[in-house]
Amino acid sequence: MYLKPSCAFRSSCLTTLILGATLLVTHTPGFAQAPHTLDAAEQQKVDSLVKQMTLQQKIDYIGGTGFGVRGVPSLGIPPLNMSDGPYGTRSNSGFPSTTYAAGINMAASWDPALAARIGAGIGRDARARGVHFMLGPGVNIYRSPHNGRNFEYFGEDPFLSGKIAVGYITGMQEQGVSATVKHYLGNNSEFLRHDSDSEIDERTLREIYLPAFEAAVKDGHVSSVMDSYNLINGLHATQNSYFNTEIMRKEWGFKGIMMSDWDATYDAVGAANGGLDIEEPTGKFMNNANLGPAIKAGKVSEATIDEKVRRILETAASYGWLTRDQVDSSISFIDAKNNAAALDSAREGAVLLKNEGNLLPLDKSAVKTILIVGPDGYPGVPVGGGSAGVVPFHQVSALEGIANLVGASTTVLYDSGVPTLSHLASATEFTTEAKGGKPGLTLEAFNNLDLSGTPASKTVTRHAVLSGLTIKEAIADIDAVMEMLFNSPPSQISHRLTGFYNAATSTKYILALEDSGEGSGNRVYVDGKLVIDNWKIVRAFQPHVTLEFAAGPHKIVVEEWQKSPIGGHVALAIVPEDKIVNPEAVKLAAKADVVLVTAGFEPESESEGGDRTFALPYGQTELIREMAAANPKVVVAITSGGNVDSTKWIDRVPAVLETWYAGQEGGRALAEILFGDVNPSGHLPATFERNERDNPTFATYYPEGDSKRVDYKEGIFVGYRGYEKNKVKPLFPFGYGLSYTTFRFSNLTVKQEDASGVVHASATFDVTNTGARKGADVAQLYVTEDHPKIARPEHELKGFERVELAPGETRHVTIPLDARSFSYYDVAAKKWAIGSNQFTISVGDSLESLPLKEGLSLKLGSN
């Protein structure tokens with residue numbers, strides 16, 4: 001379910017608020033202070049504090065306080081607060097904050113400057129609320145569209161991810177708030193996240209999964225790194241000294257804090273010696289009971305504990321936290337600059353995928369009636385589920401955004417199109433026997449996780465629903481959820497629901513399930529056949545299947561287990577495929593001039609703690625097809641963290657927009673793009689495959705059998721690198737995005753500027769807006785080694801620039817290239833190496849649109 005309910009601080013940390021035109025904290029004003037190198041006096045103070053602390057105090061200090069670092073009042077050391085919400089400052093109390101578009105939107109903007117504005121805005125909100133550490137950004141690589149947290153991350157390319165991350169981190173830390181880059185490392189799926197073992201070879205780690213973290217440390221100077229839940233090559237991240245110490249500290253020079261993800265520590269001595277500085281949310285393992293004896297026995301040195309304490313205090317001193325209040329009462333709780341950045345994050349991230357016949361932009365004067373249909377049209381979905389959730393002060397839905405933009409001259413209609421799963425589940429009737437049984441299903445409960453032995457109880461329940469906290473309910477009362485999760489013993493319960501569904505006619509039926517995610521498992525049998533299997537792996541929060549049913553009774557068995565103290569939540573609905581779409585919506589579509597289908601996911605279907613379906617949620621494919629049959633002018637806007645299966649409908653609709661998770665201003669930005677007030681400029685940060693099987697990780701994404709090992713067999717050939725290697729043409733290539741104007745690339749020149757032992761080259765070219773509208777394009781530069789002696793990608797992104805141009809305007813662009821731009825990681829030599837000196841530089845605005853190419857013969861020195 002909702003297994004890491006993170007937030008900024010407990011409600012007790014909220015200071016007194018004065019409600020007026022703005023909300024301000026009554027504290028002495030602070031100031032923005034970016035981290036700095038400690039001077040001699042500051043270093044002496046830190047060393048003195050470490051010496052004054054008792055061993056007990058030091059061990060206590062490296063165990064968290066729920067969402068922070070404890071204070072030591074006797075020594076004048078203040079507590080330090082942490083906040084989740086990489087796209088807004090989250091609050092345990094439910095107090096709102098500016099809610100920005102998600103990480104995948106930032107990546108789709110290809111705009112590090114925008115990322116810096118967002119980071120700065122979140123930093124200001126954090127300062128207004130007294131937060132020291134923001135727990136973001138996330139930079140894990142998009143391997144597969146199934147990952148439930150793709151929406152938080154920056155896409156499939158490590159170079160793009162690193163540049164966006166550096167912008168975000170820099171903007172935030174300049175406000176006096178530490179960023180926390182996460183989840184280090186190999187956390188590229190949400191199933192079995194505590195137990196899965198990411199098996200990744202050294203070259204793949206260096207070229208794909210480490211570079212964004214490396215950029216965060218070396219270029220962003222990030223102050224904190226969060227270790228992930230999973231194992232990497234056989235050892236949990238929180239006790240993996242190779243990554244935490246050898247690479248992070250010794251190779252990259254990281255001086256900051258290494259913290260665990262929440263409840264991601266598994267061994268006291270292993271974590272203490274493996275490079276972990278802070279265990280969150282509390283010292284469950286790194287406590288005095290465990291570490292005291294270990295220190296006495298020589299298994300852990302006191303000097304090791306001292307270093308952890310020193311790193312925390314040095315970080316605090318570098319921001320001035322030891323001598324000033326983190327609450328800055330000169331900052332408004334509602335910041336106009338932040339709202340503007342939130343709107344731009346929604347505008348710049350949207351990607352126009354299809355615009356057949358130039359249906360878009362819509363003409364306000366010609367559109368007299370528009371129908372908005374689909375579950376995401378109102379009230380809207382600002383971000384996906386889990387710890388990234390933020391409560392906005394106000395959220396603009398597609399319905400509100402469009403209505404506000406078109407005004408009274410246009411009639412705006414709305415229908416959800418498909419019912420909620422809870423409504424469908426409560427409307428699905430069962431009987432206990434095929435003939436003559438009671439209404440409902442037989443419910444058996446077991447005091448174990450595997451349905452073994454005699455049931456502890458046996459009753460009849462009306463519907464296939466087991467009540468536990470849903471994700472929305474968990475978010476609404478996050479304090480209580482956090483208390484239960486980390487301070488209550490897990491349950492050991494399993495259930496079996498058995499009943500019969502009477503199919504009225506022989507036709508196709510949709511079976512849709514909603515479950516709790518991590519900490520639970522479930523499966524569904526129909527007439528003895530397993531049709532949905534989430535028993536060992538949470539493959540999706542809302543799995544669904546379509547089956548052909550003959551008229552008459554069909555035996556349905558739902559089995560589930562759960563060991564979360566929150567309680568399991570399961571709901572099963574069955575509905576004829578031809579009855580899933582509201583017929584009133586079809587009637588409205590036939591009358592409208594244009595139909596906007598707001599399709600996609602919600603926190604209940606895309607979230608941390610489990611993966612999600614490649615298909616759109618239940619009923620939405622049918623909704624799009626019925627809208628297209630009723631009206632030729634259909635625009636589909638998709639809310640998702642990545643690609644979805646569009647094979648059954650994309651050829652039937654003229655226009656498609658990927659809006660990702662667009663934050664609090666998503667509806668306004670969508671309206672502006674639809675009606676041409678804003679020219680779409682987003683470009684895909686991940687390849688969109690035509691079929692699920694086309695993805696390079698399809699055969700190896702899930703472990704085999706009962707294994708928990710996830711073998712990254714595709715190696716470096718993930719994302720576009722893999723599609724090119726496998727000669728598979730995607731539906732939409734990496735870097736792709738349409739505009740309402742046109743652009744021309746010309747005059748590419750590539751030269752090596754310095755051959756004195758350091759490789760440094762540059763590419764210059766022109767970008768011209770050849771259309772009639774102002775617009776922005778993303779100039780992308782890819783490097784190819786012409787005759788590699790080892791396997792290398794056909795293209796690798798090594799530079800980009802978002803260019804905004806007026807009609808007819810030309811911009812001269814220069815992109816620098818260094819040795820890493822041409823290098824691969826030589827495992828045997830344990831260093832980056834340039835294989836040969838012959839390269840091709842390609843420039844354009846997507847991987848399949850690279851009109852400029854130029855050869856380069858490098859003069860290699862002693863790099």
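**Entry: Glu251 and Arg206**

I looked up Glu251 and found its side chain meeting that of Arg206 in a salt bridge, 2.8 Å from N to O. I wrote down the rule: a salt bridge is a side-chain nitrogen of Lys or Arg within 4 Å of a carboxyl oxygen of Asp or Glu. The two partners sit in distant parts of the chain, 45 residues apart: Glu251 in helix α8 (residues 241–251) and Arg206 in helix α6. Helices (H or I, at least four residues) and strands (E, at least two) are DSSP runs, numbered from the N terminus.

This is a predicted model, in which local features need pLDDT of at least 70 and side-chain atom pairs count only at pLDDT 80 or more, while totals for chains, interfaces and linings use all residues. Residues are numbered from 1 along each chain as its sequence is written, and side-chain values use heavy atoms, with hydrogens and water left out.

Arg206 is at 6% relative accessibility, so I marked Arg206 as buried. Glu251 is at 43%, so Glu251 goes down as partly exposed.

I also noted a network: salt bridges with shared partners join Asp47, Arg249, Asp277, Glu307, Arg310 and Arg311.

I picked Glu207 next, which has a salt bridge with Arg203, and the closest N and O atoms are 2.6 Å apart. Both belong to helix α6 (residues 202–209), 4 residues apart, about one turn of the helix. Glu207 counts as buried because its relative accessible area is 8%. Arg203 is buried too, because its relative accessibility is 14%.

Then I checked Glu518, whose salt bridge to Arg193 has its closest N and O atoms 2.8 Å apart. This pair reaches across 325 residues of chain: Glu518 is in the loop between β19 (507–514) and β20 (520–526), and Arg193 is in the loop between β6 and β7 (197–199). Both Glu518 and Arg193 are buried.

**Entry: His554**

I found His554 in strand β23 (residues 552–562). His554 has 9% relative accessibility, so I put it down as buried. What does the His554 side chain join in a polar contact? The partner is the side chain of Asp527, at 2.7 Å. A polar contact is a pair of N or O atoms within 3.5 Å; within protein, one must be able to donate a hydrogen and the other to accept it, and residues adjacent in sequence count only if both atoms are side-chain atoms.

Leaving out residues up to four places away in sequence, I listed what His554 touches: Gly499, Phe500, Tyr501, Ala503, Asp527 and Phe549. Contact means heavy atoms within 4.5 Å.

**Entry: helix α10**

I went through α10 (residues 288–296) and found Leu291, Gly292, Ala294 and Ile295 buried. Its buried residues pack against α2 (55–61), α9 (268–273) and α11. Just past α10, Gly298 has a positive phi of about 80°.

**Entry: the core**

I looked at the largest nonpolar core, which has 155 residues. Such a core is a set of buried Ala, Val, Leu, Ile, Met, Phe, Trp, Tyr and Cys residues joined through side-chain atoms within 4.5 Å. Tyr184, Val597 and Met627 have the most contacts inside this core. I followed Met627: not counting residues up to four places away in sequence, it touches Leu371, Val373, Ala585, Val586, Ala589, Val595, Val597 and Val634.

**Entry: a sheet**

Last, I traced an open sheet of 3 strands, in the order β6-β8-β11, with parallel pairing. Its edge strands are β6 (180–184) and β11 (257–260), each pairing on one side only. Strands pair if DSSP finds at least two bridges between them. β8 (residues 224–227) and β11 are parallel and share 4 bridges. Which residue in β11 is the bridge partner of Met226? I found Met259 there.

Methods:
Buried < 20%, exposed > 50% of the residue type's maximum accessible area, 1.4 Å probe, protein only.
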